[in-house]
Amino acid sequence: MFSLSLRRLLGTRNKRILLFLLLLVLLAFIYHSHSRNNSETLENETAAPPPNPWLKFADHLPTEEYDALLTVRASRPSPWTSLTTPNWQATEAQQRSLNRIIRNALQHPEATQETWQARQDRVVGATKYAWDAYRRNAFGCDEYHPISRTGTNNTRQGVGYFVADVLDTLLLMGLVKEYNEGRNFLVHHVSYDQPGVVSLFETTIRVLGGLLAAFHWSGESDHGLLDLATDLGLRLAKSMNTSTGIPPETAILRSDGMPYASLSSTAEVATLQLEFRYLSKLTHHTEFRTAVDRIMDVLLQAPKYDGLVPIYVNAQTGQFAGDDIRLGSRGDSYYEYLLKQWMQTGQTEPRYREEYDRAMDGVKKFLVEVTPMQNLTYIGELTGLLSGTPVFKPKMDHLVCFLGGNLALGATKGNTPLDISARDREDLILARELTETCVRMYLDMPLGLSPEIAHFRQSPASPDDPNQGDILVHQADRHNILRPETIESLLLLWRITGEDKWREYGWVIFENFEKWAKMDNGGGFTGLRDVTEVPPKREDKMETFFVAETLKYFYLLFGSADKVPLTEYVFNTEAHPLPMFSWE
Ligand code: DMJ
């Protein structure tokens, strides 16, 4: 029945042939248009990437945006409006007085040896208290939560995050029993042959950096530690094997698969180098050095804005992405490691120092600002450059407080600063001013502890404003998670200038941590929710960097100036001191 009606529909044999031919033509047409679409896709895939918007800023080319930024800067209500250019510059008077201050400080040290010894002992006590709390409540876990008194892991099995990070602090402080507990746990119970996905940056700076520093400071003979570091390094380094060399933010520990790479934080990809280069030196695995040097090759030749870089890099193109520029989160340690890579190998790789100097020029040109009432020098942020309407934001993360110490280190290479160039003196003046501001971020708060982010006034307060200070703290930024950056700068400034005031500031801040962040009944220390509220509510976390960095920097700040000499060691960004070396 059905075939009969079909035959009727198609008609005679000739008609059927005709219809068949029409069908063929239709199929050919569909096939052709489909393959055309495909080849268009292919062409698109292989077409040149879109032009890089940052190219127009490269090599300080004057552009409309650049002019606009200078105008914005020059019209800001601040002491700098009197300057003819927006460049921050130290005056001659400041330069002269710096030399006087330092000469005086070096000749007349103030506090007695016994006082500092007693203060340093207090730091050792705090560290032991923190370790004991962790050991009792969360031993072996990656993170410790002091209120619930529990631990959590970053991967199902854990990666030894907490223990590896704090190990060299225990050793430097002479807490030998505690060091051995931690070392034995890592060597006998941690394996990286596991399916976990980890942060490439955090695992490198905390775990790899921690293992390497512990290996060095325990006499460079503990091959249990070095083997663990090498195995971890091999697994993490697989992530750097991308077409551009820029890694994604994560690494897969066991598989050969690669996490998807798109935007990576600038600081994260540029803060792997000290650790992998030292691992390369120790193990003679040249591929570690090659992989991290390749990242720097890409970053160094990418267009920048007077040495300043956006906080993202596109791992697919190797170019910076977006137009948020800051020295706080996602930007900070890019600048730190430019200087420290140069120092790590005895100042033999000038390209890092040159880029660091360019970047600091950019900082002085566009980011340094001074507040109207308290004259606080701070480093602001830039956004909107690509859109042609650049905006300066009077906002500084506590993270930026590393910069004072870094500038002082760059100015002096860790030596006494009496015979340095005018430019270096200028960096040192900026370092001191910035660190004073960071100290104010602590001391001007009701708890005497800094908020996570400070905003600054750009014009004087009205007389009826209850806050007559220049630091403003937004509701969302009031927490303190026991970060180290200000203490790090206090240590470097004290070592370099000899001025005791940096140690005295440190002591006040240490007491404030003990007062507000220390838990009762052996709980350890914990982060705080709001530094403007007395007494504060508490977070349920003792960050590993509190022991790895904050307490270590306090210990060194109150100790003898020749422990961990700045001319022989570079601190990685997690305060793990790694020895300088030469490639030969
Ligand atoms: C640490 O892990 C490192 O210092 C890093 O560079 C920035 N963040 C924390 C501490 O604040």
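Visitor: What makes the crossing of helix 18 and helix 19 left-handed?

Guide: The crossing of helix 18 and helix 19 is left-handed because the near helix is turned anticlockwise from the far one by less than a right angle (clockwise would be right-handed). Both helices are DSSP runs, numbered from the N terminus (H or I of at least four residues for helices, E of at least two for strands). The model is predicted, so to speak of local features takes pLDDT of at least 70 and side-chain atom pairs count only at pLDDT 80 or more, while totals for chains, interfaces and linings use all residues. Residues are numbered from 1 along each chain as its sequence is written, and side-chain values use heavy atoms, with hydrogens and water left out.

Visitor: Why is helix 18 called oblique to helix 19?

Guide: The two axes cross at roughly 140 degrees and come within 10 Å. That makes helix 18 oblique to helix 19, the term for what is left after roughly parallel (under 35 degrees), roughly antiparallel (over 145) and roughly perpendicular (65 to 115). These angles run from 0 to 180 degrees between N-to-C directions, with axes fitted to C-alpha atoms.

Visitor: Which residues of helix 18 and helix 19 meet?

Guide: Trp 502, Arg 503, Gly 506, Ile 509, Phe 510 and Phe 513 in helix 18 meet Thr 550, Leu 551, Phe 554 and Leu 557 in helix 19, contact being heavy atoms within 4.5 Å. They divide into 7 nonpolar, 2 polar and 1 charged. Gly counts as polar under this scheme.

Visitor: How many aromatic pairs are there, and what makes the pair of Phe 510 and Phe 558 edge-to-face?

Guide: The count comes to 27 aromatic pairs. Phe 510 and Phe 558 have their centres 6.4 Å apart and 85 degrees between the planes. Rings pair if their centres lie within 6.5 Å, and planes over 60 degrees apart count as edge-to-face (under 30 as stacked, the rest as tilted). Phe 510 lies in helix 18 (501–517) and Phe 558 in the loop between helix 19 (544–557) and strand 15 (569–571), so the pair ties together parts 48 residues apart in sequence.

Visitor: Where is Pro 535 found?

Guide: Pro 535 is in the loop between helix 18 and helix 19. The peptide bond to Pro 535 from Val 534 is cis, with omega near -10 degrees.

Visitor: Why are helix 12 and helix 14 called oblique?

Guide: Helix 12 (286–301) and helix 14 (350–367) pack at an angle of about 40 degrees, their axes 12 Å apart. They are therefore oblique to each other. This crossing is left-handed. Asp 293, Met 296, Asp 297 and Leu 300 in helix 12 meet Arg 351, Tyr 352 and Glu 355 in helix 14. The contact residues divide into 3 nonpolar, no polar and 4 charged.

Visitor: How do you know that strand 6 pairs with strand 7?

Guide: Strand 6 (312–314) and strand 7 are joined by 3 bridges and run antiparallel. Two strands pair if DSSP finds at least two bridges between them. Asn 314 stands opposite Gln 319 in strand 7. The open sheet has the order 5-6-7. Strand 5 (263–265) and strand 7 (319–321) are its edge strands, each pairing on one side only.

Visitor: What makes strand 12 and strand 14 edge strands?

Guide: Their open sheet of 3 strands has the order 12-13-14, with antiparallel pairing. Strand 12 (395–397) and strand 14 (471–472) each have a single partner strand, so one side of each is left without a neighbour in the sheet. Strand 13 (453–456) pairs with strand 14 over 2 bridges, and His 455 stands opposite Leu 472.

How values were computed: Rings of Phe, Tyr and Trp (its six-membered ring) pair if their centres lie within 6.5 Å; planes under 30 degrees apart count as stacked, over 60 as edge-to-face and the rest as tilted.
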